[in-house]
Amino acid sequence: MFCSPQILARPAPKPTAGGGLTPTTFDGASVSNVTLSNGNLTATRNNTSVGGAQSIAAKGTGKFYWEVVVGASHANTDFIGIASPTAGYFVCVNGNDGTGIWLGDGRTPSNGSPTGVLGAANAPGTVIRNAYDAGNKKFWQAVNGGLWEGSGTADPTTNTGGRTQTNATMQPLVAFATNGSPQVGDNYTANFGAAAFTFSVPSGFTAGWPP
């Protein structure tokens, strides 16, 4: 049977992949100083210049959840987050544009200035949770199972807290910086909904990022 008592008794099952959608990947045409692998879901820096990768699709409507796993990160302002399709990688790692987390110290730049701290997130295996509500122009992040935005009140399901965006149309982005000790081979792997997520999808959000 599909609904056995053992399955129903589990207190916190992992969400299924993608909610029936065909998820996006990183866009091979968008990469700079990065090599894509793993079905274009893993972005690996191939030199120590600024670089990165964007997803194929930008979204201006809807609510979406995705995760990015840190494989290795050594530059102070290596970046995981969202940006407008034309923002570029340099402005994300130097804090002039984009909204996300700098992995070295966990600061959270947003539209040109750091707004908070989630804590260092550069250890291998760290999961960055991301939730974007395009209709309300709000973005939330959390490190592993930590609090959204590092706050006990921030919550994507109730549109509480979060960082307000100046542009509704955004797309997932990862970027590699030069400050600190960047290393060839630093890498991130995105889960845009092709596999089960490590953490629960916020209620009302699409489980993944469609193309």
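1. Let's start with N159. In this predicted model, N159 has a relative accessibility of 30%, so it counts as partly exposed; that label covers values between the 20% limit for buried and the 50% limit for exposed. You will find N159 in the loop between β10 (138-143) and β11 (163-164). Have a look at its backbone too: phi is positive, about 55 degrees, although N159 is not a glycine.

2. Now turn to N38. Its phi is also positive, at about 55 degrees, and N38 is not a glycine either. N38 sits in the loop that runs between β1 (34-37) and β2 (42-45). Is N38 buried, partly exposed or exposed? With 49% relative accessibility, N38 counts as partly exposed, because exposed would require over 50%.

3. Setting aside residues up to four places away in sequence, T126 touches V68, V69, V70, A121, V143 and N144.

4. V68 is part of strand β4 (residues 63-72), and at 3% relative accessibility it counts as buried. How far apart are V68 and V127 in sequence and in space? They are separated by 59 residues in sequence, while their C-alpha atoms are 5.7 Å apart. Beyond its neighbours within four places in sequence, V68 is in contact with several residues, among them I80, T126, V127, I128 and N130. Its contacts also include V174, Y188, T189 and A190.

5. In soluble globular proteins, nonpolar side chains tend to be buried together. Here the largest nonpolar core has 30 residues, and W66, I80 and Y132 are the ones that touch the most other members. Two or more residues of this core come from each of β1, β4, β5 (79-83), β9, β10, β12 (171-176) and β13 (187-191). Which element gives the largest share? That is β4, with four residues. There is also a second, separate core of 11 residues, including V93, W102, L173 and A177.

Methods. Residues numbered from 1 in each chain as written. Predicted model: local features only at pLDDT ≥ 70, side-chain atom pairs only at ≥ 80, totals over all residues. Heavy atoms only, no water. Buried < 20%, exposed > 50% of the residue type's maximum accessible area, 1.4 Å probe, protein only. Contact = heavy atoms within 4.5 Å. Core = buried A, V, L, I, M, F, W, Y, C linked by side-chain atoms within 4.5 Å.
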